[in-house]
Amino acid sequence: MSDSSGQGRLTVLKTYKLYVGGKFPRSESGRVYEVTDAKGRWLANAPLSSRKDARDAVVAARKAVGGWSGAAAYNRGQVLYRIAEMLQGRADQFTREVADAEGLSKSKAAAVVEAAIDRWVWYAGWTDKIAQVVGGANPVAGPYFNHSVPEPTGVVAVLAPRESSLLGLVSVVAPVVATGNTAVVVASEDRPLPALSLAEVLATSDVPGGVVNVLSGRTAEIAAPLAAHQDVNGIDLTGADAALAKDLEIAAADNLKRVLRPAGTAADWTADPGTRRMTAFLETKTVWHPTGALGVAGSSY
Amino acid sequence: MASPHPDPSSAPAAGRSPFAYAPAPESRSVVDIAPSYGLFIDGEFTEAADGKVFKTLAPATEEVLSEIAQAGEQDVERAVRAARRAFEKWSALPGAERAKYLFRIARILQERARELAVLETLDNGKPIKETRDFDVPQAAAHFFYHAGWADKLEHAGFGPAPRPLGVAAQVIPWNFPLLMLAWKIAPALATGNTVVLKPAETTPLSALFFADVCRQAGLPKGVVNIVTGDGTTGAALVAHPEVDKVAFTGSTDVGKAIARQVAGTRKKVTLELGGKGANIVFDDAPLDQAVEGIVTGIFFNQGQVCCAGSRLLVQESVADELIESLKRRLGTLRLGDPLDKNTDIGAINSAQQLAKIRELTEIGAAEGAERWSPECELPSSGYWFPPTLFTGVAQAHTVAQDEIFGPVLSVLTFRTPDEAVAKANNTPYGLSAGVWTEKGSRMLAVADRLRAGVVWANTFNKFDPTSPFGGYKESGYGREGGRHGLEAYLDV
């Protein structure tokens with residue numbers, strides 16, 4: 001946030017808002033908290049989301065599941081590519097925000113933003129390939145057409161990593177939505193601004209409302225109702241510390257949510273992500289149908 | 001309905017049905033059952049540390065078959081340590097060598113198929129034609145299939161050098177004791193893990209028989225360990241800190257307890273839990289085939305199948321006709337001595353399970369669904385339940401929501417495909433479903449919208465080692481079988 005006190009023009013501040021169901025509401029709670037830069041200087045007031053905000057976000061995410069998971073994989077890819085384009089267009093803004101949030105030099109922050117854009121592009125390309133890689137035909141010992149296809153698990157709660165405010169965020173959100181799930185994202189507690197700005201990118205990128213919902217606030221406070229929510233199908237615990245992750249995993253067992261545990265060590269978000277973050281929130285459906293027995297008589301079809 | 005008494009000397013209810021056959025019992029002399037069995041740890045049979053035992057019964061006659069050691073925490077500790085010791089060498093073996101061990105096991109299972117079929121039928125109560133033609137051949141096929149993976153893991157799509165996890169704790173149910181053992185042990189060994197397996201309390205015999213198969217195959221000591229016991233044994237095994245992988249098949253309640261128990265650990269978990277499968281019959285379905293599929297779907301293994309088609313959803317316009325055919329078909333099912341080769345429906349696995357089925361069906365009747373069974377004489381000893389239909393079932397009824405795990409079919413109707421899909425998906429479970437229609441586009445569209453891990457179209461209850469199996473929602477997570485099933489045992 002550039003300080004123009006003294007002489008010249010006073011900067012217009014921005015009110016950061018949540019992103020729920022394709023809209024930008026303030027927190028239902030009416031609360032905010034101070035977000036500071038790496039040196040402790042005030043940057044903005046971010047919404048301090050409540051349990052009610054979390055539940056509203058789940059409702060929005062659930063509503064979006066049918067359309068998003070039912071869209072053609074090619075179409076989802078087009079939307080994700082569009083997000084990358086929009087990110088690219090706003091690269092300067094994100095560079096500034098990442099630099100502030102993570103205390104990076106401008107050039108390092110720019111490299112992070114570029115990596116985040118490239119990561120979107122990478123996942124965008126996966127939308128219409130993952131089914132071929134993890135699905136396929138099963139050569140069963142009988143006259144059956146039998147194939148397995150991956151399907152999204154549904155609504156996934158994503159606790160974004162605490163340190164990496166943009167690249168880490170993109171790395172956990174993109175795989176969830178690329179595979180047809182919808183997401184309720186809890187932004188990094190200390191570094192939420194790039195996430196809230198990413199919502200503005202999503203809103204202008206043909207992403208249907210509710211596919212990605214972004215909440216800011218206290219991770220533990222927002223994550224608890226999400227982990228316990230009966231209409232959430234999966235939870236990515238990346239942004240939780242070990243103690244919180246354990247509690248959330250216990251809560252998630254109530255409806256057997258798919259759980260992605262946090263990595264034990266500090267994640268290297270620049271490394272090749274592999275397919276694991278996608279397969280963690282995919283189900284495998286296997287369909288059988290008789291093909292007709294082509295016996296010697298060849299008559300039963 | 002013919003209902004021969006388990007004792008073949010007593011006369012079957014002759015003259016009641018044109019399908020009354022003379023008894024054709026399989027000889028039980030092919031298998032020797034010892035009066036008592038120990039735990040199989042580190043290649044040896046051993047007593048439980050505290051000397052506790054329990055009895056296993058033949059559900060069809062209530063005859064005591066054998067006395068089995070009840071493993072306690074000390075025994076679990078010993079078994080896990082044995083598996084841990086064996087892991088180092090086993091995981092370091094070239095895949096091609098591990099493959100040959102699995103191949104040996106598969107061949108021995110085939111060679112000893114008749115013994116195993118009789119043993120399984122005695123201990124479980126299921127008909128001999130099912131153990132002979134389904135359980136045992138499928139179990140062997142699982143070992144063959146996974147033998148082929150052991151030396152090809154780098155091609156399985158999990159990266160160039162997938163690693164085993166370590167010691168696998170495996171807890172299996174009583175409905176398919178040998179087959180579930182094969183589903184668990186074959187992929188674990190192929191991928192280089194070692195195993196401590198706990199079979200169900202009421203059906204330990206085929207697992208103990210399998211210990212002898214391991215001996216014949218020359219499997220290194222400690223690679224497979226069998227600890228028999230009840231739920232407390234299973235809980236101790238799952239909780240053991242030296243266990244790297246937990247694989248469980250059983251009830252959703254226990255599955256959830258396991259999921260809570262492993263929270264915060266690095267144990268990898270797969271859960272194959274309950275189901276309330278919808279079998280959807282559209283008005284254009286081939287009705288005769290559908291009737292056979294419905295029967296297979298719910299009366300196979302006395303309905304004690306997690307993926308059973310326990311909810312029949314039939315399109316209103318053909319409901320009366322279908323239900324009438326179904327009732328006619330049920331009248332020809334033969335219930336009785338599981339060792340009789342003509343038996344279709346055997347005994348319920350235990351007194352406890354029978355009580356559960358009775359309780360849930362009483363609730364079904366009390367809630368207002370209409371109950372129907374064919375005329376059916378039940379044997380005087382053993383645990384029996386007649387094939388049962390509930391019609392006039394509403395979605396909120398207990399018999400439409402709760403897994404009964406017995407030969408009980410709830411019939412609901414629908415008018416449109418949308419309604420069928422909505423009703424099919426309207427349980428917390430998501431394991432299996434069936435679709436019956438002659439119209440390909442309808443089949444594919446409906447299959448696409450069903451939230452279930454397996455969809456059988458114009459067929460039901462088909463299984464194959466190459467075909468991944470497992471549930472959506474509260475039916476658990478992970479897949480068994482196929483390329484997908486390997487993931488559960490690899491560090492990926």
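Reader: Hi! How many residue pairs are in polar contact across the interface of chain B and chain A?
Author: Hello! This is a predicted model, and across that interface 26 residue pairs are in polar contact, with both partners at pLDDT 80 or more.

Reader: Nice. Which elements of chain B give two or more residues to the side that touches chain A?
Author: They are helix H8 (252–261), strand E10 (268–272), helix H14 (440–449), strand E17 (454–457) and helix H15 (482–486) of chain B. H8(B) gives the most, with five residues.

Reader: And how do the residues on that side divide into nonpolar, polar and charged?
Author: The side of chain B that touches chain A has 19 nonpolar, 12 polar and 15 charged residues.

Reader: How many residues does each chain bring to the contact?
Author: Chain B brings 46 residues and chain A brings 34 residues.

Reader: What about the area buried between them?
Author: That comes to about 3,000 Å², and carbon and sulfur atoms give 51% of that area. On the chain B side, Arg260(B), Tyr472(B) and Tyr477(B) lose the most area to chain A; together they account for 16% of what that side buries.

Reader: Switching to strands. Which strand of chain A is joined to E17(B), and do they run parallel or antiparallel?
Author: Strand E10 (residues 282–290) of chain A is joined to E17(B) by three bridges, and the two run parallel. Within this pairing, Trp288(A) stands opposite Trp456(B).

Reader: What does E10(A) pair with inside chain A?
Author: E10(A) pairs with E4(A) in the antiparallel sense, over nine bridges. Trp288(A) turns up here too, as the bridge partner of Asn146(A).

Reader: And which strand of chain A forms a hairpin with E4(A)?
Author: That is E3(A), with six residues between the two strands. Strand E3 (residues 136–137) and strand E4 (residues 144–152) of chain A run antiparallel and are joined by two bridges. In E4(A), His147(A) is the bridge partner of Ala137(A).

Reader: Back to chain B. In what order do the three strands of the open sheet with E1, E5 and E4 come?
Author: The order is E1-E5-E4, with mixed pairing. Strand E1 (36–37) and strand E4 (53–58) of chain B are the edge strands, each pairing on one side only.

Reader: How many bridges does E4(B) have with E5?
Author: E4(B) and strand E5 (residues 63–69) of chain B pair over six bridges in the antiparallel sense. As an example, Val53(B) has Ala69(B) as its bridge partner.

Reader: Last topic: how many aromatic pairs are there over all chains?
Author: The search finds 20. One of them is Trp183(B) with Phe463(B), a tilted pair at 6.4 Å centre to centre with 55° between the planes.

Reader: Where are Trp183(B) and Phe463(B) placed in the chain?
Author: Trp183(B) is in helix H5 (residues 177–190) of chain B, and Phe463(B) is in the loop between E17 and H15 of chain B. The pair links distant parts of the chain, 280 residues apart.

Terms used: Residues are numbered from 1 along each chain as its sequence is written. Chains are lettered from A and ligands numbered from 1 in the order in which they are written. This is a predicted model: local features need pLDDT of at least 70, side-chain atom pairs count only at pLDDT 80 or more; totals for chains, interfaces and linings use all residues. Side-chain values use heavy atoms; hydrogens and water are left out. Contact means heavy atoms within 4.5 Å. Buried area is the accessible area (1.4 Å probe) that two parts lose on being put together, summed over both. A polar contact is a pair of N or O atoms within 3.5 Å; within protein, one must be able to donate a hydrogen and the other to accept it, and residues adjacent in sequence count only if both atoms are side-chain atoms. Helices (H or I, at least four residues) and strands (E, at least two) are DSSP runs, numbered from the N terminus. Ala, Val, Leu, Ile, Met, Phe, Trp, Tyr, Cys and Pro count as nonpolar, Asp, Glu, Lys and Arg as charged, and the others, Gly among them, as polar. Two strands pair if DSSP finds at least two bridges between them. Rings of Phe, Tyr and Trp (its six-membered ring) pair if their centres lie within 6.5 Å; planes under 30 degrees apart count as stacked, over 60 as edge-to-face and the rest as tilted.
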